[in-house]
Structures are given as structure tokens and as C-alpha cells.
Amino acid sequence: MIERAHVLICSGSMCVSRGAKSLRSEFEEHLTRLGIRDEIKLVNTGCVGLCEQGPFVIIYPEGVFYALVKNKDIKTICEEHLYKGRIVEKLVFDEAMTDEKEIKAFDEIKFYSKQTRVALRNCGLINPDDIEEYIARDGYRGLGKALLEMTPLEVIEEMQASGLRGRGGGGFPTGLKWKFAYQNESDQKFVICNADEGDPGAFMDRALLEGDPHAVLEGLMIAGYAIGADKGYIYVRIEYPTAIEKLKIAISQAKELGLLGKNIFGSGFDFDIEIRLGAGAFVCGEETALIASIEGGRGMSRNKPPFPAAKGLWGKPTIINNVETLANVSAILYIGAKEFAKIGTEKSKGTKVFSLGGNIKNAGLVEVPMGTTLREVIYEIGGGIPQNKQLKAVQTGGPSGGAIPESLLDMPIEYETLVEAGSMMGSGGMVVIDEDNCMVDICRFYLEFTVDESCGKCTPCREGTKKMYEMLEIISSGEGTLEDIDRLEKLAKMVKSSSLCGLGQAAPNPILSMLEHFREEFEAHVVDKRCPGGVCKPLIHLEITKDCIGCTKCATNCPVDCISGSIKQLHEIDTSACIKCGICKNICPVDAIISV
Amino acid sequence: MKSLDDLKKIRDAAQRKVTMRGKNEGTRILVGMATCGISAGARPVMNKLVEDIAEKDIPNVTVTPVGCIGECAIEPIVEVLEGEKRTTYCRVDVDVAERIINEHIIGGKVVQDNLIGKYRL
């Protein structure tokens with residue numbers, strides 16, 4: 001039987017956590033009951049990207065995009081859409097409906113039409129458990145071309161011509177990195193895929209591994225061929241069980257077809273890939289710490305040079321590339337460096353995947369050409385800020401990056417421009433911060449993270465992050481002085497310049513960039529003893545104004561019974577007992593409770 | 001995997017699996033599949049269309065079930081959309097479906113016998 005319709009069920013981690021796991025069996029049940037099971041193909045795909053609206057079901061050939069799908073909806077979709085051909089309008093993603101009640105196809109939605117998908121080219125479109133679907137989309141053609149028609153040096157030159165730079169954060173030119181390892185002669189070399197994604201709020205690599213694992217494997221093999229390595233490792237954290245499972249399936253399928261193993265494509269090139277699980281330490285995303293972890297040691301970084309390209313894993317020349325970089329590598333070999341270099345800007349070629357999160361409507365995974373402005377990403381793709389609140393800043397690069405204020409939103413996204421603005425590309429976490437957030441508190445959050453994740457080997461990072469965290473605590477409690485802010489800034493600069501590895505060198509970035517762009521907020525905490533965002537609890541004082549109608553709602557709901565007053569009388573808060581939970585403020589029908 | 005040809009063979013065979021997913025700018029065949037259409041026998045008609053297209057390897061043609069077209073008395077109804085051009089067939093059975101594929105889709109000649117104009121003017 002030939003299938004007349006394909007039902008794509010998003011099975012990325014986000015959708016699964018929102019209940020997508022049982023959708024398939026629901027489909028099986030209802031399609032079988034209707035007697036049309038064999039006419040319809042069910043495909044579990046990787047992340048579709050618009051995580052905020054998941055779980056998704058996309059039905060082809062029409063390309064109808066159903067969002068927020070629940071188990072009980074499947075019966076309707078089967079009976080109406082698949083059996084009778086009537087699209088279930090109430091389940092279609094809002095933005096996919098035009099005012100004339102016409103239904104737009106999946107790729108015509110604004111969220112997607114503004115994107116350019118290179119690394120994510122197959123994500124959400126193919127079944128990651130089926131190597132044939134990857135091959136059907138021209139997968140492994142790039143590898144074949146490299147092995148049969150190009151010398152390793154030509155592959156490296158192609159990579160250099162493409163202008164591809166590392167997508168893990170630093171932005172080092174990939175081709176150049178390969179060239180160093182190529183030139184270092186050795187009996188054994190290694191390539192490593194760095195899948196130790198650790199930024200809070202980042203999930204690009206996970207989505208890529210879950211949605212299109214072969215694109216990463218192919219990139220790793222090409223890298224191996226280029227530098228002369230026959231062994232590759234994928235270092236992935238154990239916190240990504242689905243990604244690990246998909247990788248294992250992909251590796252075994254590639255082996256079965258002879259795309260991994262001995263004499264690939266009859267070219268004489270042998271390659272093997274092994275998965276190594278990390279325990280989930282942020283520092284292991286740093287190259288030398290990652291190598292130490294694979295070798296079985298404790299994940300700690302060491303001095304560079306020697307760089308891994310000269311002395312890496314077990315002392316052999318090694319290159320380490322990020323997941324997204326490798327997915328770009330396989331694309332470049334297939335479409336050609338020239339085509340790839342047409343995307344992006346002069347110094348930053350290609351696209352970048354971002355995981356968009358925080359106070360944003362369409363949280364999810366987006367891939368845009370370099371040079372796109374932050375405003376376009378946030379307002380046109382991301383849909384803006386919920387409840388029409390004011391945007392305060394965008395944090396890129398996670399705990400190693402910085403905050404970009406609203407005034408710089410029209411800046412194009414490039415490696416250099418982001419650094420100039422006091423932030424960095426990072427691996428691609430993009431957290432949108434609205435007016436109801438406190439910048440001191442956000443700094444405190446990131447520093448708490450880096451204190452936890454510091455490996456402890458070098459003093460500036462081990463002691464410095466802890467001290468900076470303590471200073472932020474003092475400032476946010478209202479006990480700080482203006483001198484504290486100056487000392488914090490001085491210490492931050494010191495830690496930045498004297499730490500051993502990227503973790504410590506970048507840990508002060510949130511503080512430095514926020515001091516640059518939001519210094520007045522820090523000063524409000526120490527001078528006015530006020531938290532402008534209304535977040536820092538010690539600085540919040542709740543008060544009941546004369547508008548109180550004496551409805552007793554606040555008193556009834558207060559968890560610590562600190563509100564007194566009788567019916568139809570003005571109520572009062574005993575501030576010494578108040579825990580500042582804000583329940584009374586939210587529940588008051590006449591907004592008579594304010595924080596001062 | 002011994003050569004690029006091996007890969008191409010797998011690719012060509014596998015491509016049918018995924019061509020449906022993407023922009024469909026070619027010919028669309030719509031089959032009226034509301035309750036009336038189904039009871040009049042639209043399902044085997046649609047299956048026949050799908051099978052023939054696959055068997056004959058016709059590119060850029062998709063078959064889509066659609067809702068009630070409104071002419072219940074002359075179901076099953078099949079519409080062929082080629083850009084702006086719309087051809088509506090009615091009282092289509094499996095044999096007519098085969099003719100639509102052979103004569104209209106492949107041959108480019110409308111199957112006059114079942115045009116809606118024969119039944120309604």
C-alpha cells in the first residue's frame with residue numbers, strides 16, 4: 001500500500017515532556033479503527049522548533065500545522081482530517097490561519113519563513129531513526145564527495161573557503177583548526193564532537209542530535225578524513241538520554257550500510273565512532289577539560305598551549321568541534337563552500353541556531369542567517385514579549401555572555417558585534433529579559449551557576465566567582481554601598497584576566513556587561529535601597545493603600561497571617577512578619593496592594 | 001557502501017518516502033471525502049489515484065482528501081488543480097480514476113465523459 005499522507009509527530013524532548021509520547025499510539029488506535037492505518041505513514045521527528053506551542057502534529061501533503069495537540073485531539077484529527085479530509089481548524093496553530101480562514105502551510109508561518117535552515121535542515125522533517133530518510137535528503141553525499149573526489153587538503157581548503165567558524169562559542173575558523181591538526185604528523189589522530197551543552201537555557205545541540213544525528217556523524221567523519229584521524233568520539237552529557245539513544249541508533253545504522261567502519265565508499269578510509277558520556281559538568285565543555293574527562297581523569301582544564309590540535313587526546317593531535325559546527329560541515333561539503341558563503345555577513349558566514357527563551361512568546365529553536373538583527377529574531381520570529389511588556393535586555397551566551405540592552409537591538413548578529421556590545425555569540429542561548437526582572441538578581445543567578453561549576457583548579461576562578469557571588473548577595477539585600485559596586489567591577493576584571501580557562505575568563509561577563517548597560521539598577525539597590533524590577537525580596541515592602549475595600553481576600557490568603565483588618569475596613573500588613581510572597585498583591589481585586 | 005552509485009541507489013529508492021514533505025507546487029488532485037463522498041465510494045477512488053501515481057512514478061502530483069464539495073447527488077467528486085486551472089469530475093469510480101491518471105494527468109487531455117458539466121450546467 002502506498003501512503004497518501006504523512007503524519008509527522010514532533011518527538012523532541014520538549015514536546016515529549018509536554019505529552020507527545022503517547023500521541024503515536026493514539027494515532028495507531030484510531031487509524032486502525034477507521035480502517036485507514038495502512039494509507040497513512042506515521043513519522044516521529046526531531047524538534048520542530050516552536051517549542052512553546054508543542055506538541056505538534058504536521059500533516060502532509062497539505063503541510064497543516066497542528067499545535068498544542070493533546071491525546072484527546074487525535075480522535076478528531078483522524079476522523080475529520082485523515083478520514084474525511086476536513087482540516088480541524090480549531091487545532092491549527094493560530095498564526096497559520098489567515099484572516100480569511102485560509103490555512104497556511106507549515107513553512108509559510110512567520111516563525112519559519114524568516115529562518116534559513118542549514119544546520120537544522122532536516123530537523124522536524126525526517127525520522128531520525130531512519131538512515132534512509134537522511135540519505136533521501138542527500139545525506140552522506142558530502143562525505144562521498146570528500147572521500148572519492150577530494151584530498152584531505154582540498155577538504156580543508158573548502159572549509160576555509162566557506163568561512164565557517166566554530167559554533168560552540170569562540171568562533172575560531174574551523175578550516176584553520178583542521179589545518180593545524182593536519183600539519184601535525186602523528187601515527188594516531190582523533191576528532192571529537194563536543195556535545196557537552198551546558199549553558200542554562202541552551203538546547204540547540206540536544207535538538208540537533210535528537211532530530212538529525214546523521215548530519216553530525218557525517219560532519220565528524222569528514223573532519224576525521226580531513227585531518228587524518230580514524231577514530232572519533234562524541235562527548236555527550238548523560239542528561240541527554242534521548243540524544244544518546246538516537247546517536248546509538250544512527251551509528252549502528254551507518255555501520256550496517258557500511259558508511260562507518262572499514263574502507264568507506266571503497267576509498268580505503270576507515271573510521272569508527274564511540275560515544276563517551278559526561279556527567280554533566282559545565283567545565284567539560286572546555287576542550288582540555290573535555291579531553292581529561294574522556295581519558296578517564298577528572299574534568300579539569302589545563303594550560304594552553306599546547307593546543308589540542310598539537311597535543312590533545314592521549315597526547316595525539318586532536319580537533320574538537322561543536323555539534324552545530326559539524327552539522328554545517330556536512331552541509332558545506334554537499335552544497336559547496338561558495339553557496340554557503342553567500343549566507344551571512346563578511347566576517348560571519350552561514351547561519352546560527354539559537355534557543356530562544358525567557359520572556360518571549362514563541363520560545364523555541366530558531367536558525368537565522370548571520371547579520372539578522374536581534375530585533376528581527378525577538379519580534380518577528382519570536383513574536384515579541386508576552387502581555388506587551390517592555391523588553392529590558394537580551395542575554396546571549398548564557399553565563400559566559402552578557403546582556404544587550406534594548407537600545408542595541410538593531411545590531412546585526414555577528415561574532416564581532418556581539419563581543420563589542422560586551423556579550424558573545426556563545427553556543428546560542430538567547431534569553432529575553434523583560435521589565436519585571438532585576439539585573440542584579442540575574443547576575444546572581446549566573447554567578448551561582450559558575451560558582452557551582454568552577455572546577456577549582458585555579459584560584460581566580462575558584463575564589464573569585466565565590467566572592468563576586470557574595471558581593472552580589474550583599475547588593476541585592478540592600479546592605480551594599482557604592483564602593484561595593486566598584487570593588488565588584490574591579491574583581492570581575494581581575495578574574496577575567498587571570499583565570500586559567502574559558503569558564504573563569506568568561507564568568508565575570510554578565511557582571512561587566514550589566515554594569516556597563518544597567519549600572520543605575522545596581523546603584524538603586526545600594527543608594528535608594530530599592531529594586532527597580534521588584535524582584536529582590538529584602539528590598540520589597542508591601543503596603544495597602546486607601547483604595548482597600550476591605551474584602552478580606554488578602555487576609556484569608558496570606559500564608560503567614562500577617563494581614564489584619566475587618567470587613568469593609570482598611571487592612572494592614574504587619575511588615576515584620578511578611579515573607580513578601582506577593583500572593584496578596586496578585587489577589588487584590590482593586591490593586592490596593594503595592595510594593596514600595 | 002562501496003561507491004557513490006550505491007548511495008545514489010538508496011537515495012533514489014528512499015526519496016519517495018519523503019517527497020510528500022515539502023512545498024507542493026505541482027498538480028493537486030482533490031477527492032471529496034465527507035460522509036457523503038465516502039458513502040458514495042470515494043475511498044477506493046482515492047486509493048486508486050494514490051497507487052497509480054506511485055506505480056507510474058509521476059512527479060509533482062499529490063492527492064488530498066477534502067471535505068464536502070456540496071454536490072452530494074453526483075459524488076464521488078474529484079477535482080484536478082493545475083495552477084489556476086480547475087477541472088471537476090463527478091461520479092468517479094475506480095475505472096474513471098484510472099482514466100483520469102492516464103488521459104488527463106499523463107496525457108494532458110480532459111476526460112470529457114465525467115466532467116461536472118455533463119450532470120449540472
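Leaving aside its neighbours within four places in sequence, which residues is A:K41 in contact with?

1. First, the ground rules. This is a predicted model, where local features need pLDDT of at least 70, side-chain atom pairs count only at pLDDT 80 or more, and totals for chains, interfaces and linings use all residues. Residues are numbered from 1 along each chain as its sequence is written, chains are lettered from A and ligands numbered from 1 in the order in which they are written, and side-chain values use heavy atoms, with hydrogens and water left out.

2. Back to A:K41, in strand β2 (residues 40-45) of chain A. Setting aside neighbours within four places in sequence, A:K41 is in contact (heavy atoms within 4.5 Å) with A:E3, A:A5, A:H6, A:V7 and A:E133, plus B:K17 and B:R21 from chain B. A:K41 counts as buried because its relative accessibility is 14%, and buried means under 20% relative accessible area (1.4 Å probe, protein chains only).

3. Now A:T465, which sits in helix α18 (residues 459-476) of chain A. A:T465 is buried too, at a relative accessible area of 0%. With neighbours within four places in sequence left out, the contacts of A:T465 are A:L447, A:T450, A:V451, A:S454, A:P460 and A:A507. Helices here are DSSP runs of H or I, at least four residues, and strands are runs of E, at least two, numbered from the N terminus.

4. Last, the lining of the largest pocket. α8 (174-183), β9 (318-322) and α20 (502-506) of chain A each supply at least two residues, and β9(A) gives the most, with five.

Definitions and conventions. Buried means under 20% relative accessible area, exposed over 50%, partly exposed in between (1.4 Å probe, protein chains only).
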